[in-house]
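Keep the sequence and the 3D view side by side as you read.

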Amino acid sequence: MRRTALHGEHVGAGARMVPFAEFEMPVQYAGILREHDAVRHRAGLFDLSHMGQFRLTGDMVAPWADTLTINAVGTMKPLQARYNIFCNPGGGAHDDTIFYRLEDGWLLVVNASNADKMWRLLNERRPRSGVELENLHGRRALIAIQGPRSARMLQPHVDVDLASLRYYFCAAGRVIGIPVTIARTGYTGEDGFELFVEGGNASAIWNELLRAHHGEGLEPCGLGARDVLRLEAGMPLYGHELTEAITPVQAGLKWAIKMDKPEFVGKDALQEQLELDAYSRIAGLVMEGRTPAREGYPVWYEGRTVGTVRSGSIAPSVGNKNIATALVSPDAAAIGTRLEVEIRGKFHAATVVAMPFYKRPK
Amino acid sequence: MTQPSDLLFSKEHEWVRLDGESATIGITDYAQNALGDIVYVELPKVGSQIEQFANVGVIESVKAVSDLFTPTSGEVIEVNEALEDDPAAVNRDPYGAGWLIKVRLSNPDESKRLLSPAEYEKIAAE
């Protein structure tokens, strides 16, 4: 089992550690609901060093990456970040990722569970010249500070004006004197920042932020809270709403597909899926009762099964209701449709709603 | 971790408070801590007959569904309905407000198969 640079901090703080994608990661510190509350109302600190980080350099990175991904890479501005998906020829997702265009190359962040697969794939597809790849997975740490107070808490420690750092942009700077890439990105539905830093420097930043701001409500948070936060915010989790068999079209990510690109892996399949419009798709469900819907539970509509739950959780920011995503047939996916989720042999009513379930107040 | 001295325990981390012919059942402080934030409990119906160590319900935390086993046999005479609105009471007060069910004992002798507080502490400490 691999450990992140912050393993000692997690264990020292009494976090509950679980295996996740080959890493030993904190699933919770004080408790998932308390950590969720901190991120929605104050701020939370996450160790995301298990995620894959690859450095891409060379003149051909953008045109090459544009042939492998659904969103546009070549049109990204300097220091911009962009969500993107690598698809297989059938349109299913190899992985969902974020590209960061840095001053001297590109940073690609991939899911921890897909890091080995993606490293192999990139190397297999690499052109003979113009693209150099460097695998930083496990060496480079990633710390996220997320929540409405994150800018205020982080600002005193950095030499970058955070007010002028736009959403989905990044900057090279220093946090307590340590070189970092600071990005205004996240996976919680709140304002926040992600700090890319050499592993050896991660604990100094982690400890200083907690020391300075724990009294104002900054809480260390685990993967348990992160999953509830992302689900409320309607963000897909690879392996649930996106898989090698579930396409970005099915996952409701049409906005990320640039059909005007001349070609990219999966384009024809996605085009056909869009035109036929007969695909099963991810729907957002709100349960009427108090019984939580969980991954794998069957979903019924008008007396027949129409799909299965892909993710489910209690949702403190959605009136403490139980919410879920389900992959269902198109006739059962319209907003307002009343479905039933089968839970331990009983049928529980649910309604299809528009996602995201939660939007932060402006 | 010290357990209340007036209770008996099961290896599955339930407790029993015997009171003549009836008993109150809940899960231990160790169990609620291991589960994390409890968001839902599903309990047997009042009037149902339950058998010692059988699966009689579920307790769900944010992340997981766990089976509830009964440490004693008998007829369910009351369930803690307050948990429907406030399942977190099991976390806050597992030996008090977070009790789960009350049963009329059908076989008082079977309490011999339960653990003393000291015996349970050894299991919970492992």
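**A walk through chain A**

Glu22(A) sits in the loop between strand E1 (16-20) and E2 of chain A; helices (H or I, at least four residues) and strands (E, at least two) are DSSP runs, numbered from the N terminus. Phi of Glu22(A) is near 75°, a positive value in a residue other than glycine. With 15 other C-beta atoms within 10 Å, Glu22(A) is partly exposed. The scale works like this: a residue is buried if 20 or more other C-beta atoms lie within 10 Å of its own, exposed if 12 or fewer, and partly exposed in between, with C-beta atoms placed from the backbone.

A word on the ground rules. This is a predicted model, where local features need pLDDT of at least 70 and side-chain atom pairs count only at pLDDT 80 or more, while totals for chains, interfaces and linings use all residues. Residues are numbered from 1 along each chain as its sequence is written, and chains are lettered from A and ligands numbered from 1 in the order in which they are written.

Now for the open sheet. Six strands of chain A make it up, in the order E10-E11-E12-E9-E3-E13, and the pairing is mixed. Two strands count as paired if DSSP finds at least two bridges between them. At the edges are strand E10 (170-175) and strand E13 (218-221) of chain A, each pairing on one side only. On average, neighbouring strands of this sheet are turned by 25° against each other, direction ignored; axes here are lines fitted to C-alpha atoms, for helices over the stretch in contact, and angles run from 0 to 180 degrees between N-to-C directions.

Both senses of pairing turn up if you look inside the sheet. Strand E9 (residues 140-146) and strand E12 (residues 192-198) of chain A pair in the antiparallel sense over seven bridges, and Ile143(A) stands opposite Leu195(A) in E12(A). E3(A) and E13(A), on the other hand, pair in the parallel sense over four bridges, with Phe46(A) opposite Cys221(A) in E13(A). E13(A) is covered on both faces: Leu218(A) and Pro220(A) on one side and Glu219(A) and Cys221(A) on the other are all buried.

Which residues of H2(A) are buried? They are Ile32(A), Leu33(A), Glu35(A), His36(A), Ala38(A), Val39(A) and Arg40(A). That is seven of the 10 residues of H2(A), so the helix is largely enclosed by the rest of the structure. Those buried residues pack against strand E2 (23-28), strand E3 (43-47), E9, E13 and H7 of chain A.

Helix H6 (residues 199-213) of chain A has 15 residues and reaches 22 Å from its first C-alpha to its last, close to the 21 Å expected at 1.5 Å a residue; the expected span is 1.5 Å times one less than the number of residues. In H6(A), the buried residues are Ala202(A), Ile205(A), Trp206(A), Leu209(A) and His213(A). They cover an arc of only 100° around the axis, which puts them on the same side of H6(A); the arc is that of the directions from the helix axis to the C-beta atoms. The face turned away from that buried side carries the exposed residues Gly200(A) and Arg211(A).

Contact means that the C-beta atoms of two residues, placed from the backbone, lie within 7 Å.

In the loop between E16 and E17 of chain A you'll find Ser317(A), which counts as buried with 21 C-beta neighbours inside 10 Å. Leaving aside its neighbours within four places in sequence, Ser317(A) is in contact with Arg40(A), Glu232(A) and Tyr358(A).

Finally, the partner chain. 12 residues of chain A are in contact with nine residues of chain B. On the chain A side, helix H2 (32-41), helix H7 (223-232) and strand E16 (304-315) each give two or more residues.
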